[in-house]
Amino acid sequence: MKYSIVKHKIISQKLKSFCAFLTILLLLPYVMTIFFHGADQKENMQKKIYVKVMRDGIEAETDEKTIVEVPWEEYLAGVLALEIPQNSEPEFVKAQTVLTRTKLYQQIEEGKEPVFTERFLSADELGKKWNKNGYEEYCKCLETAISDTENQVLFYGETYAWTPFHKSSNGMTRNAEEVFAGADYPYLVSRGCPLDKEAEDEMKIASYEYQEVQAACQPFLVAVDAEQSEKRYQFEDFEILSYDSAGYVKEMRIGETICTGDQFRDALSLPSGCFSLQDSNGKLKVTTTGNGHGLGMSQWTANAMAKEGKTYEEILQFFFEGTELRQKNIFS
């Protein structure tokens, strides 16, 4: 009886040893692969993707523009840091991240070796700017937005969507077809944004010398005879002719020139293309409503939607109805 028990134990031990040996034999190729290639795999995982960026004198603290190589995600975060307020809602930040990535991805695909000119804050610059105002929390918000929307871009049909945005509208965003004749942006239509009326710096008033306005608009004014060229403009030489459906100036007259409201806005660097004109003590008084061109996503309303519980997908569909979120990894 004892001999039988001992014999059984010996056989059992041999079977266990054989199974252990067989397991090691089966796992040996995997172990050897990890041993020889594990370091390479880890290095590949940590490898960063760099993009070329043009830095102007103000950013680089030099008198000349320079081209530098920046890690892609650091560059994307640096662009976002300039585009959004620090205490923005996370879902709004995600929506903005998708819009910005879409624009940058399109630039990459359109050029073989593009050099980005979009301004951005480096990690050091971001630290100096926000160090005393929740820097770590702000950086974490940007990192989360980039991670949660990784490689997501907006498409319309088989092409990248155009993804404009602005700080706030005059209460309604603009229809792209009214701004650009013959434009094919059916997803950029007017959207009511009544909360924009509460935006910071929503209304601004500025006064200009008529001669100053005339000089600023000179590049697009029609050629006139010598006598007319000597004429100094007065209030009667400025007339708003039409508005678009969102209330932005569509056409206006300056002297004998018919121009767009956006041309006038750009010439004087006005906050918005929604403006009115008055004469004030011999100067041109310009009252603007809104902040930005009024096309695409209003950041103020988008942030308010996020506060109300809307997701970034819902925010994007509100402002870019008919577009589609897609995964697009152009670095693979």
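## Exercises on aromatic pairs and burial

The accessible surface of the chain comes to about 19,900 Å², and carbon and sulfur atoms hold 52% of that area (Shrake-Rupley method, 1.4 Å probe; for residues, only the protein chains shown count as cover). The model is predicted, so local features need pLDDT of at least 70 and side-chain atom pairs count only at pLDDT 80 or more, whereas totals for chains, interfaces and linings use all residues. Residues are numbered from 1 along each chain as its sequence is written, and side-chain values use heavy atoms, with hydrogens and water left out.

**Exercise 1.** Determine how the rings of Phe155 and Tyr160 are arranged, and state whether Phe155 is buried or exposed.

*Solution.*
1. A search of the whole structure finds 15 aromatic pairs. Rings of Phe, Tyr and Trp (its six-membered ring) pair if their centres lie within 6.5 Å; planes under 30 degrees apart count as stacked, over 60 as edge-to-face and the rest as tilted.
2. The ring centres of Phe155 and Tyr160 are 4.8 Å apart and the planes stand at 45°, so this pair is tilted.
3. Buried means under 20% relative accessible area, exposed over 50%, and partly exposed in between (1.4 Å probe, protein chains only).
4. With a relative accessible area of 7%, Phe155 is buried; Tyr160, at 10%, also counts as buried.

**Exercise 2.** Classify the pair formed by Phe318 and Phe319, and identify the residue that lies over the face of Phe318.

*Solution.*
1. The centres of the Phe318 and Phe319 rings lie 4.8 Å apart with planes at 85°, so the pair is edge-to-face.
2. Phe318 has 27% relative accessibility and counts as partly exposed, whereas Phe319, at 2%, counts as buried.
3. Arg191 lies over the face of Phe318, 5.4 Å from the ring centre. A charge sits over a ring if NZ of Lys or CZ of Arg is within 6 Å of the ring centre and within 35 degrees of the ring normal.

**Exercise 3.** Locate Arg265 in the secondary structure, and list the residues that it touches.

*Solution.*
1. The chain has 12 helices and 14 strands; helices (H or I, at least four residues) and strands (E, at least two) are DSSP runs, numbered from the N terminus.
2. Arg265 belongs to helix α10, residues 261-268.
3. At 16% relative accessibility, Arg265 counts as buried.
4. Not counting residues up to four places away in sequence, Arg265 touches Leu270, Pro271, Ser272, Gly273, Gly292 and His293 (contact means heavy atoms within 4.5 Å).
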